[in-house]
Amino acid sequence: MMRSILFIMCCYVGVVSCNKLPCEPKMPRLTTVFKDDTFQLTGVAISPEGRLFTNYPLWSDIYKYAVVEVNGKVSDLKTDDQWMAKAPYPNLYMNSSKISDGGKDKWVCVQSVVTDEDNNLWVVDPASPKMAGVYNNSHKLVKINLNNNTIERTWLFAGITDAQSYINDVRIDNQRQYAYLTNSSEGGIVVVNLASGYSRQVLHDHYSTQSDPDFKFIIDGHELMKNGQPVKINSDGIALTPDGDWLYYKPLTDDKLYRIRTEYLRDETMSSAQLGSKVEDLGHFATTDGMIFDHKGNLYMGDMRTYSILRITPELKMETVIVDANLIWPDSYSISKDGWLYISCSQIQKQPEYNDGVNKRTDPYAIYKLKVE
């Protein structure tokens with residue numbers, strides 16, 4: 001990380017090519033979209049119409065709402081200046097969950113938000129407050145129609161994953177009517193038939209969904225630790241190719257990248273061993289949280305260790321797009337119709353539980369955008 005900081009003021013290029021310092025700053029550059037000095041955000045989603053959404057997981061007592069629309073209507077928030085640029089979404093009721101509520105019709109602990117080409121918002125709620133386990137079988141995927149801001153359907157995952165699961169991120173194939181989600185606690189891919197409602201978890205016993213136990217995740221000069229043990233986060237980042245034929249995914253705390261044809265994931269007749277044999281190991285790339293494809297088939301991801309955004313071409317060539325000190329744990333991504341990559345930064349490595357109880361955050365949580373198309 002220390003080495004990467006040297007490049008912050010000089011390397012804003014399509015492919016970092018600086019052999020010595022100084023070098024002329026070039027495009028692209030990060031543009032700040034939104035900052036929150038108090039509440040920790042993780043997800044980001046930009047709709048086809050340009051509406052921006054983010055979410056806040058219930059990871060600590062510093063918490064207020066789960067899903068918000070940035071720069072939305074704030075008629076019910078006029079007394080709270082901290083939230084004047086954010087409106088609870090789709091309404092205040094969904095964002096007012098209490099333990100006694102049951103959790104199935106309210107947000108419990110939202111991890112990610114994703115928009116699609118049909119102007120829907122998809123919300124992943126692992127329903128695991130403070131990552132202590134699924135509350136009341138209320139982990140779910142929720143589809144919201146952005147044309148009328150109403151919930152169209154909810155898919156619950158009771159019986160699909162165990163009580164300690166943490167459903168993390170999702171990709172939607174509207175053409176085939178399937179959703180694919182990662183389980184970052186157990187490791188595994190949840191496959192949802194959106195039409196029938198049938199869900200199942202696959203590859204949870206496969207090495208590709210498990211973080212390499214021998215990989216040392218070094219960030220900010222030391223290995224990420226919790227309670228004296230190395231942090232291991234399993235299948236997390238997930239991306240669907242533009243044609244929907246391939247699903248790419250990877251564990252968070254190692255640098256391996258995998259893919260599998262989605263036709264195999266949809267084939268309910270395949271045994272676990274047969275499905276596992278179809279996984280392709282693409283090799284070593286980076287330690288990223290989220291990742292996303294653009295319409296040309298380029299895969300964008302971050303590298304938390306080097307404060308950078310990377311691009312992997314269809315030929316699997318990895319390029320550095322930008323290095324910037326503001327990219328403190330780039331977490332989730334969304335691409336707008338006009339070619340901007342939106343990036344949320346959650347600063348996870350600064351949390352007290354990874355620093356012997358000390359909160360090391362000094363900057364606001366933030367969303368940036370970067371021109372990539």
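1. Glu152 and Lys143 form a salt bridge, with their closest N and O atoms 3.4 Å apart; the term stands for a side-chain nitrogen of Lys or Arg within 4 Å of a carboxyl oxygen of Asp or Glu. Glu152 is partly exposed at 42% relative accessibility, whereas Lys143 is buried at 16%. Buried means under 20% relative accessible area, exposed over 50%, and partly exposed in between (1.4 Å probe, protein chains only).

2. This is a predicted model, in which local features need pLDDT of at least 70 and side-chain atom pairs count only at pLDDT 80 or more, while totals for chains, interfaces and linings use all residues. Residues are numbered from 1 along each chain as its sequence is written, and side-chain values use heavy atoms, with hydrogens and water left out.

3. The chain has an average pLDDT of 90, and 88% of the residues score at least 70; pLDDT is the predictor's confidence in each residue, from 0 to 100. Residues 1–25 have a pLDDT below 50, and this stretch makes 48 contacts in the model beyond near neighbours in sequence. Over residues 72–84 pLDDT also stays under 50, with 26 contacts beyond four places in sequence. A contact means heavy atoms within 4.5 Å. Where pLDDT is low, the predicted coordinates should not be read in detail.

4. The structure holds 13 salt bridges. One of them joins Asp169 to Arg171, with the closest N and O atoms 3.4 Å apart. Asp169 is buried at 6% relative accessibility, and Arg171 is buried at 10%.

5. Asp173 and Arg176 meet through their side chains in a salt bridge of 2.8 Å, N to O. Asp173 is buried at 5%, while Arg176 is partly exposed at 26%. A network of salt bridges links Asp173, Arg176 and Asp245.

6. Strand E26 (residues 330–335) has six of its six residues buried. Strands here are DSSP runs (E, at least two residues), numbered from the N terminus. E26 pairs with strand E27 (residues 340–345) in the antiparallel sense over five bridges; pairing requires that DSSP finds at least two bridges between two strands. Ile335 has Leu341 in E27 as its bridge partner. Four residues lie between the strands of this hairpin, and Gly339 takes a positive phi near 85°.

7. How many disulfides does a search of the whole structure find? The count is zero, a disulfide being a pair of cysteine sulfur atoms within 2.5 Å. Cys109 is buried, at 0% relative accessible area, and Cys345 is buried at 2%.
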